[in-house]
Amino acid sequence: MSESEWITGRAGMLYRDLTPDSLKSQVIASHIRLPFDGEVPDYVHYHKVEFQVIYCLKGRIKVVYEDQGGAFWLEPGDLVVQPPEIRHRVLECEANSEVIEITMPAEHETWVEHEIKLPTDSVNPEKIFGTQRFVRKIGPKSGRADADFSKILLAITENMPVEQSINRVIHRIVPAIQKYLTTISSSISS
Ligand SMILES: [Fe+2]
């Protein structure tokens, strides 16, 4: 996978596209860097997706999700599956925190939520959004979490009731992303 440019995206976050050409019609994967130190200029929003997962590589990112209680920090090795249309917001972060985001389908809409405030008064971790629940997996929290990406992501998605077509794409894209992460972490440490 070639190292593409960093592009400024939603709420001032920096995105590097990691999607292999052969999967571009089905999925979009990005390495995202949050350049802020402290408050993030995000807003409550949601994505019209079939599947979306965020994996924290580095730093600390405070997030809040509809019906999942108070805000919490994503730290290296932590993962969240954001089910379809769950309202959420990034609140703050440590400078230059990094995540990997995988979303299906590649073309999807993001909407601003004007009514619902987060955190919501109701807490219901069992709530089904589309066909999925929100999933939060706490990782090993050690330094950079590049090396654990593939293992943690596949362990979660194998236990989720997602469609076969989604699972097939995950199994094709995860090794490609792991290869990219191994390359960049060896260039960081050398
Ligand atoms: Fe989002």
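This is a predicted model: local features need pLDDT of at least 70, side-chain atom pairs count only at pLDDT 80 or more; totals for chains, interfaces and linings use all residues.
## Around A145

A145 belongs to a loop. That loop runs between strand 13 (135-137) and helix 1. Is A145 buried or exposed? A145 is buried, because 25 other C-beta atoms lie within 10 Å, and the cut-off for burial is 20 or more.

## Helix 1

Helix 1 covers residues 149-158. Its buried residues include F149, L153 and T157. These three span an arc of only 35 degrees around the axis, so they lie on the same side of helix 1. The spacing fits a general rule. An α-helix has 3.6 residues a turn, so residues three or four places apart point the same way.

Which exposed residues does the opposite face carry? On the face turned away from the buried side of helix 1 are K151, A155 and E158.

Strand 1 (residues 6-8) and strand 2 (residues 14-17) run antiparallel. Three bridges join them. T8 has L14 of strand 2 as its bridge partner. The two strands, 1 and 2, form a hairpin, with five residues between them. In the turn, A11 has a positive phi of about 55 degrees.

Strand 2 also pairs with strand 3 (residues 28-34). This pairing is antiparallel too, with four bridges. Here D17 has S30 of strand 3 as its bridge partner.

## The whole chain

How many helices and strands does the chain have? There are two helices and 13 strands. The radius of gyration is 16 Å, close to the 16 Å that the globule rule gives for 190 residues, so the chain is as compact as a globular protein of that length. Along the principal axes, the C-alpha atoms fill a box of roughly 45 × 40 × 30 Å.

Of the 190 residues, 32% count as buried.

Technical notes
Residues are numbered from 1 along each chain as its sequence is written. A residue is buried if 20 or more other C-beta atoms lie within 10 Å of its own, exposed if 12 or fewer, and partly exposed in between; C-beta atoms are placed from the backbone. The arc is that of the directions from the helix axis to the C-beta atoms. The radius of gyration is taken over C-alpha atoms; the globule rule is 2.2 Å times the number of residues to the power 0.38. Two strands pair if DSSP finds at least two bridges between them.
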